[in-house]
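Student: I would like to go through this model with you, one topic at a time. Could we begin with the packing inside one of the chains?

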Amino acid sequence: MSFHLILFLAFGAVCVGGAVNLLAQRHPINSALSLIAVMAALAGEYLLLGAEFVAAVQVIVYAGAIMVLFVFVIMLLNAAEEEETRGSRVAFLLGVPGVLTGSVLTAWVVLRHSGTEAVAIGALPGHPTDIAQLLFHDFLLPFEVTSVLILIAIMGAVVLASKPESTARKVD
Amino acid sequence: MNPMLNLWLIPVLPLAGAAINGFLGKRSSRHAVTTIALFFSGAAFAMALSVVARFSSLTLPYHEYLAHWIRSGTFRVDFAFYLDQLSLVMLLVVTGVGFLIHIYSVGYMWDDPSYYRFFSYLNLFMFFMLTLVLASNYLLMFIGWEGVGLASYLLIGFWFTKDSAAAAGKKAFIVNRIGDFGFLIALFLLIKHFGSLNFDQVFQSITPLGAETAGAGLLTTIGILLMVGACGKSAQIPLYIWLPDAMEGPTPVSALIHAATMVTAGVYMVSRSHVIFERAPIALTVVAIIGTLTAFFAATIGVAQTDIKKVLAYSTISQLGYMFMACGVGAFSAGIFHLMTHAFFKGLLFLAAGSVIHAVGGEQDMRKMGGLRTRIPWTFWTMTAGTLAIAGIPGLAGFFSKDEILWRSYQASWAYWLVGLVTAFLTSFYMFRLWFMTFFGEYRGEADAGHGHANHSAHDRHGDHGHGGIHESPKVMVVPLAILAVLSVIGGYVGVPGSLGGNNQFDKFLGPVFHGSAPANAQNAAVGEKAAPEEETEGNEPKKAASTELMFTAISVVVALLGFGLAWQLYYRNPQLPDKIAASMSGAYQTLLHKYYVDELYGALFVKPLIDGSTRILWQGVDRKIIDAAVNDAGDGAKLVSDIVRHMQSGNIRSYAGWVAAGSAVVIAFMIWMGVR
Amino acid sequence: MSVGVFILVSVIKSLVVLIVLLTAVAYTVWLERKIVGRMQNRWGPTRVGPFGLLQPAADGLKFLFKEDLTPPHVYKPLFLAAPMMAVIFALTSISVIPFGNSITLFGYSIPLQITDVNIGLLLILGVTSMGVYGVALAGWSSNNKYSLLGGLRAGAQMVSYEIALGLSLVGVLIQSGSFSLRAIVDAQGGRFLGFIPRWNIFHWQFVGFFIYLMAAYAETNRIPFDLPEAETELVAGYHTEYSSMKFAMFFMAEYANMITVACLATLLFFGGWHGPLAGPPLMRALLPVFWFVAKVFCFLFLYIWVRGTLPRFRYDQLMSFGWKFLLPLAIANLMVTAIVVAW
Amino acid sequence: MVPLSYYLVLSGFLFACGVAGFLIKRNIITIFMSIELMLNGVNLSFVAFAAHWHALSGQVFVFFVMVVAAAEAAVGLAIIIAVYRTRGTLNVDQVNLLKL
């Protein structure tokens, strides 16, 4: 029961708890917060895996930006608790067992077929410079493509979220 | 080394004329159209003459490679031309007669609204015919073959507003298809077994083979199939039915295509393939029998016809029968000889008939003619020359060629000779019948010109210039008549048989083409002997043969005179007699009048079942019940299925997600299963 | 050193830093009140202790003993959690800030920094970005339209300016190719042509510093960007409904953030603890800390000065300024720096 | 020392939870968050593999995934706002105009 394993289990527990809580909570804002917890814990896992940069970016981008957007939208639309519907009950009765069995099966297979090779702390020094090397040399094209993608996403978001009446006002 | 002849120009010139007239003629004046058409056909003729001029200096056969067409493995077909004595003869006939008929048509078609179209078609026909004649391989020949079929279709249906014309055109086209089918199969067989379609290669690979006396072999099959094609094109039994209807076309067309050139393509093809036929006795016999029967039957039918052009049509068929008879007995040169002379006098006859029709204002029924001798002297005298020639009156072209054929057929079998003789008698009979009915006795038609106009529209509508009554044709029509008349008088002297003091020039001329190709093996007695007399005629032939030949000549002359006499009896001395005879033996007469009901027979045998079958089975059965039904049911099925499946499209996002998840779950399960296993 | 000692030292360092920081927060408040008072031509706090020096303690006591009331209709869990989040994130970001070279005590060389991770800067950025939640959730959970507006404003404003902030830092990062704050500071040692200190501000990064300053003000919701808590329009925005200690937490968080930002500015643009060294060894050991604190103090003074001087922006002005001016400028600065460094 | 498989199981569980959330939740926003959860699970396995195979590219992929997630979040949230504006609800069960 090494220190490393303890940390892993701690963060993992937070992850699992957050994920389950995301499902359990009825109010979107709680789900959002539990998701943030999951992401923070995941950042911890990344640190354990020696990927400090990824961990930092995880916190900044996911927890710091994307989830802020979610929370922002939740506040903006003042989302209320979700109400039960017939479809939801059906989905619940079907979905949860299915997902549980699926995950259990996967876990079983993975554990059954995985050797005992372990991952040590900092086994791979994910130093920013190395990552930069990869990102801007080997993966330059995908990088640019993603940049274009995100540009398009920005424009799409602007267009979609712009109020129709505002455009109407522009017209007259 | 051969001088460059530019043979390819000969077909291409008329093509150019056809193109120019076809595309620009509509807007240009009649004179321009005339100039174009005459220039290009004349130029072709001039080229042909130049070829003749340099012919002696050529080493035959002369090949001219133009461009490569099909190259597939070892099999190759080129746009290449081939010139030997045979094709030279054909070349001269086609260009010469064609040119004359072009000239004639200028006068004949002058008033036709689509004058340019006529000449465009005519030039097109020249192009294809020349391609056919000059081709150096069967495939190019086939192209010309089909092309002339097309041209004849276009020209028969030239007045396509007339139902009968359109129908006749279609009939000709379809019947020819049947023949072409056989031809094509023959070509495929040639490719399969000899890997080539070039005349040289095919014949070289065939020459070593022996004759198939044992029974029907490959060559026999090919030969018979080729003969089927020839039957289609050259209107032989059983495919002759299209030619009489083809008279719906303008008379120059009948003269050029359906008498002088196109219909003789079959004969040309057969004699071009003589190497094959000489090794297939059975095929030869088939050819001979078909030719003989055709000659006889067509003649009998011709006896009863009253339409002047129909008479000539049937006589054409029977003359073609003669030619095939000649080929069938291995006397290819004789066949070609007759082909040439026939081109002269039959072209002449048709043109003269056209002139007559023109004179009487579109009337084609001989019973409405008569006494035209004095009214249209030029036509009369030229037609007389033609009639005498075809009837086999000594000294004229038809005499020599027909006599030659009869003599050679006798050498094969007396049966051919006998039927040929009867046919000769019938020929002279119906020809003189036509002659008498047209030119002698009283004029039985209405004299007023106005009536002429009335049935112009029904028939050749050439007479739209209000001509007053009966009148001689213009110079431009008469001159070709005269030239052809001269040709049909003297044309025979190129091939005077030895027995008559000549030494068969024509046969010698064609010698290199036909001789020396006979199969080597001895048991092929039939063809061998038939080939023998030719060599003899060139030199010291035994007096016995000469005397017998003379005797036969005499017999045929007598027969011809008999025919003349009978016709004189019936149609000049007492013209009412024929009706009595017809009444007395009406059964036979009706049969003849209705051409042995062959058309009706074919209609009942092939056409009607075909139509019914395609209506009931193919249209209402297959098309409606299977094809349409399949399509409709497919659509309905799709509708049905999607009607069920669309409930998956609940529009509910989560349900979609559920489907996706389920699918991926299945995939994962499969992968796990694979992994675990 | 052994794990035990390591843990011990870490704990001690954390405690020291925490105490110092909280004290600093308290006295920054006092300082602000004093200076703004002077600027507005009044005394500021004078009664409690000399120069009102004990005022912070008094405020602290007041906050502690005031009634802690939770209004009805608030979403309780978040209403309670929000201030804590704010404080936690504010205090966390201090943990990677170095405030001096390593000193040697009892034979142990101890870096004057709680922990030196090689991505310290990123960590700070991340934590500060998390700081949004405190404000936003507070505004939302207190179920009050002014608060909600305040929260929304805070969220939008922080997310927007975070970009400019990050980009303004990238220039520095390019120049000193590391995320470790200590490394960045070390890269700024030395001088240009003898007398100009080799600080990033003098080393092409003055534009970057300008951008950073603006963005930092917005991030900390200080005037002229304090729209989330615009007293005049939103009646104190997101913390309208908060009282006593919970309000104090927001207060602490704000000033802690100010200090953090000031420290960062010092470290990134003003050479951290670099400064003239002289005197006996102990003094040599402590002078860097002094320089560091001095620079941070300057920045805090600047903060207060600006607050006393500038009016508040309008919200659309704020946004257009951030997106249409600051962001392009930051990108341009980044490009120029990249070119300069590359060449 | 933690075996690789532990990380994989964890990521698998997170992914499964994401799927479950997608299936069970009614609120569009929560559904989107479930998607983010799935992406995070995938990221974890990426990083774990990267550490296991000593190949940094795994971490690079994580960045790409983050970019995609960011784009998706931006557009998705914009869509959510538009939907809310037009339909006045965030419940996916009531956003079913496409239903037959």
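Student: What covers the buried residues of α1(C)?
Tutor: The cover includes α2 (55-65), α3 (76-92), α9 (244-269) and α10 (281-309) of chain C. Helices (H or I, at least four residues) and strands (E, at least two) are DSSP runs, numbered from the N terminus. This is a predicted model, in which local features need pLDDT of at least 70 and side-chain atom pairs count only at pLDDT 80 or more, while totals for chains, interfaces and linings use all residues. Residues are numbered from 1 along each chain as its sequence is written, and chains are lettered from A and ligands numbered from 1 in the order in which they are written.

Student: And which residues are buried in α1(C)?
Tutor: They are L21(C), A24(C), V25(C), T28(C), W30(C) and K34(C). Buried means that 20 or more other C-beta atoms lie within 10 Å of the residue's own; 12 or fewer make it exposed, anything in between partly exposed, and C-beta atoms are placed from the backbone.

Student: What span should the 37 residues of α1(C) have?
Tutor: At 1.5 Å a residue, α1(C) (residues 3-39) should span 54 Å, and its end C-alpha atoms are 52 Å apart, which agrees. The expected span is 1.5 Å times one less than the number of residues. After α1(C) comes N41(C), with a positive phi near 60 degrees.

Student: Now chain A: how far does α2 of chain A reach?
Tutor: Helix α2(A), residues 28-48, has 21 residues and reaches 30 Å from its first C-alpha to its last, close to the expected 30 Å. Of those 21 residues, 19 are buried, so the DSSP helix is mostly covered under the cut-off given above. Just after α2(A), G50(A) has a positive phi of about 85 degrees.

Student: Where is confidence lowest in chain A, and where is it highest?
Tutor: It is lowest in helix α7(A) (residues 164-171), with a mean of 53, and highest in helix α6(A) (residues 140-161), at 88. These values are pLDDT, the predictor's confidence in each residue, from 0 to 100. Chain A averages 78, and 78% of its residues score at least 70. Where pLDDT is low, the predicted coordinates should not be read in detail.

Student: What are the scores of the model as a whole, then?
Tutor: The model scores ipTM 0.63 and pTM 0.54.

Student: How many residues of chain D are in contact with chain A?
Tutor: There are 60 residues of chain D in contact with 74 residues of chain A. Two residues are in contact if their C-beta atoms, placed from the backbone, lie within 7 Å.

Student: Which elements of chain D give two or more residues to that side?
Tutor: They are β1 (2-3), α1 (4-24), α2 (28-53) and α3 (57-87) of chain D. The largest share, 21 residues, comes from α3(D). By class, this side of chain D has 45 nonpolar, eleven polar and four charged residues. Ala, Val, Leu, Ile, Met, Phe, Trp, Tyr, Cys and Pro count as nonpolar, Asp, Glu, Lys and Arg as charged, and the others, Gly among them, as polar.

Student: What pattern does chain D follow along the sequence?
Tutor: The pattern is β-α-α-α, with three helices and one strand. Of the 100 residues of chain D, 65% count as buried. Its average pLDDT is 83, and 94% of the residues score at least 70.

Student: Moving on to chain B, at what angle do α2 and α4 of chain B pack?
Tutor: Helix α2(B) (residues 30-53) and helix α4(B) (residues 115-134) pack at about 10 degrees, with their axes 9 Å apart. That makes α2(B) roughly parallel to α4(B). Angles under 35 degrees count as roughly parallel, over 145 as roughly antiparallel, 65 to 115 as roughly perpendicular and the rest as oblique. Axes are lines fitted to C-alpha atoms, for helices over the stretch in contact, and angles run from 0 to 180 degrees between N-to-C directions.

Student: Which residues of α2(B) and α4(B) make the contact?
Tutor: Among them are V33(B), A37(B) and F40(B) of α2(B), and Y115(B), F119(B) and L122(B) of α4(B). By class, the contact has ten nonpolar, two polar and one charged residues.

Student: A235(B) is not a glycine, so what phi does it have?
Tutor: The phi of A235(B) is positive, about 55 degrees. A235(B) lies in the loop between α8 and α9 of chain B. It counts as buried, because it has 30 C-beta neighbours inside 10 Å. P238(B) is found in the loop between α8 (218-234) and α9 (242-245) of chain B, and a cis peptide bond joins I237(B) and P238(B), with omega about 5 degrees.

Student: Does H73(C) count as buried or exposed?
Tutor: H73(C) counts as exposed, because it has 9 C-beta neighbours inside 10 Å. H73(C) is found in the loop between α2 and α3 of chain C, and has a positive phi of about 65 degrees although it is not a glycine.
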